[in-house]
Amino acid sequence: MSDDIDIGVLAESFNEFLSAEWPREMAVDHAKGHAPLAAELWSQAGALGWTALTASEAQGGLGLGMEAAAALHEALGAAAAPLPMLGTTLATALVAAAGTPQQRDALIPGLADGSVRAAIASPDAATIIADGASLNGVVADILDAPAATLLLLRGTQVGQPVWIALPAAAAGVTITPTGLADSSRSLGTVTLANVALADAQILTGDCGPGLDDALLRVAAIALAADSLGGGNAVLAATIDYMGTREQFGRVIGSFQALKHRVADHKAALESARGLVEHAATLPADAPGALLAALTAKQHVTRIAAEVARDCIQLHGGVGFTSEYVPHIYLKRAKLNEVLHGTRTAVLDRIANMLEAA
Amino acid sequence: MTRAYDIIGKVGDEAAFRQELRDWLAENMPANWRSEWQKVRGSALKTEIVKWLEARRKVGLGTPHWPKEWGGPGLPFAYQIMVYEELSRADAPEVEMFIISLFHTPATLFEHGTQEQKDKYLSGIINGTDIWCQGFSEPGAGSDLAALRTSARLDGDHYVVNGQKIWSSGAAHADYCLLLARTDPNGKRKHDGISYFILDMKTPGVTVRPINQITGEAHFAEIFMDDVKIPVANLIGAEGNGWNIAQSTLSTERGLLIFGEVERLARSFECDGAAARDTWMRDVQFRREYAALYGELQTVRLMIRKLLIELEAHPDKASPTLPTYIKLTWGPFLQRYTEFLLRAEGLETQKWQPAIPGTGHSSRLRMNDFLNSYGWTIAGGSNEIMRNIIAERILGMPKG
């Protein structure tokens, strides 16, 4: 299957569908509320197989790699689509890496067909002790938990790191939503009170630092791709606006002082694209695969946030209103910058890798 | 006595080719060339570079990117890339005053020169030591190059040329000049009426005056032309077609030349970090800046690789957009990185030292490299011109 699919064609199909089904007006409308996801759009994405990209064919997926996932996340970023797709991409990778064959068969098909939406604890999240027959504890700030049907939590079992896969609807599980500035995603705090634990819910396969790095690589590429899409989309919307807004008897897009800022943003985004493509193309076990992913993450999320910041300025007053799109991209870009490690933390890691090379 | 090398004979086996090239470089690079070349300028430097080119010529790599037809090795593009990559990674010297000879002149003559011109001038580059320079810019025609005013008036079997050129690298040592001059002052657009000539720098009426630069060097020169006679046979292409031909000349800067430069910097970047293991790499702020600059360097390298892949697939119609993005990313990156090193390495960087010819932008003399970075942000189309091109030609924003 994977040999038959052209990533460029795939990317085009993502973009075409989203520009028809999730145009700028819908993004603007959605941003006025706090719905944890665009439910209808999620169903469509599942029906189109977008949730199945990286799942293996044996589990109902398309068996594609990070290149396809990056193309999807870029398209979702370009549309600022309120879909908890990062959870699907990460959970698929996690279960494939740490689950038993039975666990993979039980969990991945639901992720692939979109009937299951996963939320996954971040690297610095609290861990839950899984030594008894029931679970107790609080895990704060899990991305997209309010939209999730499956929670993937960090745990320990006899002192060893494990992952726990719990249905969000299990008795004793409470998810308290926390509003985010970026209303295209959501955050939730998960409270566990005497939640019954079955052995099948514990993923024990090799859950050490190697797995954390593998997940970090996937998250870094997906977030960089999302920001790349968002950066290009907000710049395109801004160029459109600058071609119609007139002041001093001219369209503002003809002023060189403004055009040069746009040109710098365009060049920055075009050059950033190579980092995402390179990181997504490298096999997971290639030397430098994590370095490439982290480099893409720190650079592209920064560039895109900076572009989005200036796009509000380039719009002028209307850029400060909720009726125009730039604020949606700015908020999404700022969230991407801090998810899975702030930039300084990522830079420290990169510096270590460069020194070790 | 060194062993016999057959680098060109390894074409077909990339790994063997690369290894043979590396072995040859390890044994044949001029010893201590950095410290030796730092001491010499002018004709003494030319002698050093000619020796290095001779050594390369013996293994078929005097002009690695030239086709067989004109005396080059006729390497497949992937092997040309490998040659320039290995030269950079080995810190082999750049050919300085021969860059126009090896890149710009052939890029112009291969496509637009007459048979007679190719026979006469290319062999002078292959076999001899002819140095070429470029006479494009003028005091009144920099970013607005098409406004150039140097005039060429047809008079029998020659043109009479009057005017002034500026920013001509290596003109002080040049034998020939690639010259743009206006043959028709009444063209509809200012791009019309420009013609392209080969100027013999020994022609009476040619005066060269070096320009002292902020680095203390004088690579550039002004060329004054006072009733200079250029034979009609030295016109390249048709009269009035000079602007189009100039695009071929300049396109050569957008491939292997910039690739070699950037790979050389990539090597320096690694060395700089390793050398600072006990100094600024222990400072959390500088360490993070270095890690961030690594990302910027990678964006440039990856774009150039993409461009080379495009050039390999369509040598004649590479996209004009990618080189513009590369130019506007690489120049400012180079300036930021070299400036970073001044801050990181402190007072030591402020002690004046003579430049090291042949090192491109990676002499690792911090102040020199920083000052030289303007070579990529002003020359060959300034950052501001690149921004105009992106905004107006690529993004279609209205002209102001």
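Me: What distance separates the centres of domain 1 of chain A and domain 3 of chain A?

Reply: The model is a predicted one, in which local features need pLDDT of at least 70 and side-chain atom pairs count only at pLDDT 80 or more, while totals for chains, interfaces and linings use all residues. Residues are numbered from 1 along each chain as its sequence is written, and chains are lettered from A and ligands numbered from 1 in the order in which they are written. The centres of domain 1 of chain A and domain 3 of chain A, taken over C-alpha atoms, are separated by 20 Å. Chain A is divided into domain 1 (2–113), domain 2 (118–203) and domain 3 (209–356), and such bounds come from an automatic or database domain assignment.

Me: How many residues of domain 1 of chain A are in contact with domain 3 of chain A, and which elements give two or more of them?

Reply: Two residues are in contact if their C-beta atoms, placed from the backbone, lie within 7 Å. By that test, 23 residues of domain 1 of chain A are in contact with 25 residues of domain 3 of chain A. On the domain 1 side, the elements giving two or more residues are α2 (24–30), α4 (66–79) and α5 (85–98) of chain A, where helices (H or I, at least four residues) and strands (E, at least two) are DSSP runs, numbered from the N terminus. The largest share of that side, 10 residues, comes from α4(A).

Me: Why does A:Ala11 count as partly exposed?

Reply: A residue is buried if 20 or more other C-beta atoms lie within 10 Å of its own, exposed if 12 or fewer, and partly exposed in between, with C-beta atoms placed from the backbone. A:Ala11 has 19 C-beta neighbours inside 10 Å, and therefore counts as partly exposed. A:Ala11 lies in helix α1 (residues 7–21) of chain A, and, not counting residues up to four places away in sequence, A:Ala11 touches A:Ala71 and A:Ala75.

Me: What makes β3 and β6 of chain A edge strands?

Reply: Two strands pair if DSSP finds at least two bridges between them. The open sheet of 3 strands has the order β3-β7-β6 (chain A), with antiparallel pairing, and β3 (134–143) and β6 (173–178) of chain A are its edge strands, each pairing on one side only. As for the pairing itself, 6 bridges join β6(A) to strand β7 (residues 187–196) of chain A, and the bridge partner of A:Thr176 in β7(A) is A:Thr189.

Me: Why is chain B called as compact as a globular protein of its length?

Reply: The radius of gyration is taken over C-alpha atoms, and the globule rule is 2.2 Å times the number of residues to the power 0.38. For 400 residues the rule gives 21 Å, and the radius of gyration of chain B is 22 Å, close to that value, so chain B is as compact as a globular protein of that length. Chain B holds 13 helices and 8 strands, and buried residues make up 44% of its 400 residues.

Me: How many residues does each chain give to the contact between chain B and chain A?

Reply: Chain B gives 27 residues and chain A gives 29 residues. The largest share of the chain B side, 13 residues, comes from α9(B).
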